[in-house]
Amino acid sequence: MASSLTPSNFQIKIKEEHIVKGVKTLNETYFTIGNVTNVDRRIVTIPPTTSIDLINVNGVDPGAGTFPSSSMKYVRVTNLDTSSSMAVSFTASNNDRWSMECLPTSSLMFSSPNVTGSDFDGTFIDDITNISVYSLSSSLDVEYVVVNA
């Protein structure tokens, strides 16, 4: 049976607002992804001091928590906890690994799986293949959104 779903647009809006010495600054940035065929959103509870694989981007076919890197256009990982940090770790197709701290109630976002694990020479020779998260202390909730087009 042919799919009856029509690809649509997905819009991301980032709003930054701050007041410094009585001067208010507001910045809004919009990013639109066309031809979206799949949006996956999930909230997962991570046990204390435990690492879990959150997103597998090493597959050819989509499945539970698995997304083809060729179609991945946007990812957001958000720490929903109000007091505990988490580590977000990335593995590239060449097995390079790196991690970033994600503070309470903050997010990491990116719009391409293309990476390089060496000095940038004008090309991205690898793809992100796995994203895992690690609770640094207490149990916490993490939310992710993956958009494929």
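In the protein chain, confidence is lowest in strand β5 (residues 66-68), where the mean is 72, and highest in strand β2 (residues 23-36), where the mean reaches 95; these values are pLDDT, the predictor's confidence in each residue on a scale from 0 to 100, and strands are DSSP runs (E, at least two residues) numbered from the N terminus. Over the protein chain the pLDDT averages 88, and 92% of the residues score at least 70. Where pLDDT is low, the predicted coordinates should not be read in detail. The model is predicted, and local features were accordingly required to have pLDDT of at least 70 and side-chain atom pairs pLDDT 80 or more, whereas totals for chains, interfaces and linings use all residues. Residues are numbered from 1 along each chain as its sequence is written, and side-chain values use heavy atoms, with hydrogens and water left out.

The structure holds three aromatic pairs, a pair being two rings of Phe, Tyr or Trp (its six-membered ring) whose centres lie within 6.5 Å, classed as stacked if the planes are under 30 degrees apart, edge-to-face if over 60 and tilted otherwise. One of these is the stacked pair of F90 and W98, with 5.4 Å centre to centre and 15° between the planes. The rings of F90 and F110 have centres 6.0 Å apart and planes at 70°, and this pair is therefore edge-to-face. The latter pair links distant parts of the chain, as F90 belongs to strand β7 (residues 86-92) and F110 to strand β9 (residues 107-110), 20 residues apart. Through ring pairs, F90, W98 and F110 are linked into a cluster.

T129 lies in strand β11 (residues 126-135) and, with a relative accessibility of 11%, counts as buried. When neighbours within four places in sequence are left aside, T129 is in contact (heavy atoms within 4.5 Å) with I55, N56, V57, N58, T91, A92 and S93. P7, by comparison, is found in the segment before β1 (8-20) and counts as partly exposed, at 41% relative accessibility. Again leaving aside neighbours within four places in sequence, P7 is in contact with N35, V36 and T37. The C-alpha atoms of P7 and F31, which are 24 residues apart along the chain, are separated by 17 Å.

Note on methods. Helix = DSSP H or I, 4+ residues; strand = E, 2+ residues; numbered from the N terminus. Buried < 20%, exposed > 50% of the residue type's maximum accessible area, 1.4 Å probe, protein only.
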